[in-house]
Amino acid sequence: MNGEPTRQGMLDTNILILRRWIDPAELPDEMAISAVTLAELSAGPHEVRGNDEQDLYDEHEERARRTEILQRAESEFDPVPFDAEAARVYGRVTSAVIAAGRKPRRRVADLMIAATAIAEGLPLFTTNPGDYLVLDKLVRVVPVTRPLVPHEKKP
């Protein structure tokens with residue numbers, strides 16, 4: 001070991017979705033996820049729209065892909081619960097969002113993940129740092145490069 005402390009961090013849901021394409025050097029050595037991330041991933045396969053409703057993906061392939069991401073997360077992580085301390089922190093997070101003139105209800109899951117990271121004293125790793133700009137005084141957000149994803153069709 002080189003004597004440097006091990007980097008720890010909370011992963012935003014988008015990191016888990018894109019993780020196979022993300023450079024591991026951009027992620028912490030010790031990774032945690034929130035139970036809220038697991039909830040978002042659990043909902044994912046059920047939110048796939050049918051082939052008759054969209055032409056961006058094949059519904060069966062997309063459902064299988066989302067299910068695999070959920071299964072990997074369940075096998076690799078013991079999610080940090082959204083507990084009473086995170087709930088109290090969520091009040092401060094909501095206050096910061098409102099003070100910035102934004103509406104917290106639009107990003108409830110993101111804000112709950114941020115509150116969990118704050119309650120645990122962890123930085124938040126995300127490919128969507130703009131989602132957390134107004135929380136810069138409450139949590140350290142670590143931007144991760146959004147990779148090119150082979151299955152995504154260009155509009």
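1. A quick word on terms before the sheet: two strands count as paired if DSSP finds at least two bridges between them. Helices (H or I, at least four residues) and strands (E, at least two) are DSSP runs, numbered from the N terminus. Bear in mind that this is a predicted model, where local features need pLDDT of at least 70, side-chain atom pairs count only at pLDDT 80 or more, and totals for chains, interfaces and linings use all residues. Residues are numbered from 1 along each chain as its sequence is written, and side-chain values use heavy atoms, with hydrogens and water left out.

2. Now the sheet. The model has an open sheet of 4 strands in the order S2-S1-S3-S4, with parallel pairing. Strand S2 (30–32) and strand S4 (141–143) sit at the edges, each pairing on one side only. On average, neighbouring strands are turned by 35° against each other, direction ignored; the axes here are lines fitted to C-alpha atoms, for helices over the stretch in contact, and angles run from 0 to 180 degrees between N-to-C directions.

3. Walking across the strands: S1 (residues 8–11) is joined to S2 by 3 bridges, and Gln 8 has Glu 30 as its bridge partner in S2. Between S1 and S3 there are 2 bridges, with Leu 11 opposite Phe 125. S3 (residues 124–126) then connects to S4 through 3 bridges, where Thr 126 partners Pro 143.

4. S1, helix H1 (residues 13–18) and S2 form a right-handed β-α-β unit. Right-handed here means that, with the strands pointing away from the viewer, the path from the first strand over the helix to the second runs clockwise.

5. On to the inside. A nonpolar core is a set of buried Ala, Val, Leu, Ile, Met, Phe, Trp, Tyr and Cys residues joined through side-chain atoms within 4.5 Å; buried means under 20% relative accessible area, exposed over 50%, partly exposed in between (1.4 Å probe, protein chains only). The largest core has 20 residues, and Val 93, Leu 111 and Val 139 are among those with the most contacts inside it. Helices H4 (84–99) and H5 (108–120) each supply at least two residues, with H5 giving the most, 6 residues. A second, separate core of 17 residues includes Ile 15 and Phe 77.

6. Last, the aromatics: a search of the whole structure turns up 1 aromatic pair (ring centres within 6.5 Å for Phe, Tyr and the six-membered ring of Trp; planes under 30 degrees apart are stacked, over 60 edge-to-face, the rest tilted). Phe 82 and Tyr 90 have ring centres 6.4 Å apart and planes at 80°, so the pair is edge-to-face. Phe 82 counts as partly exposed, at 27% relative accessibility.
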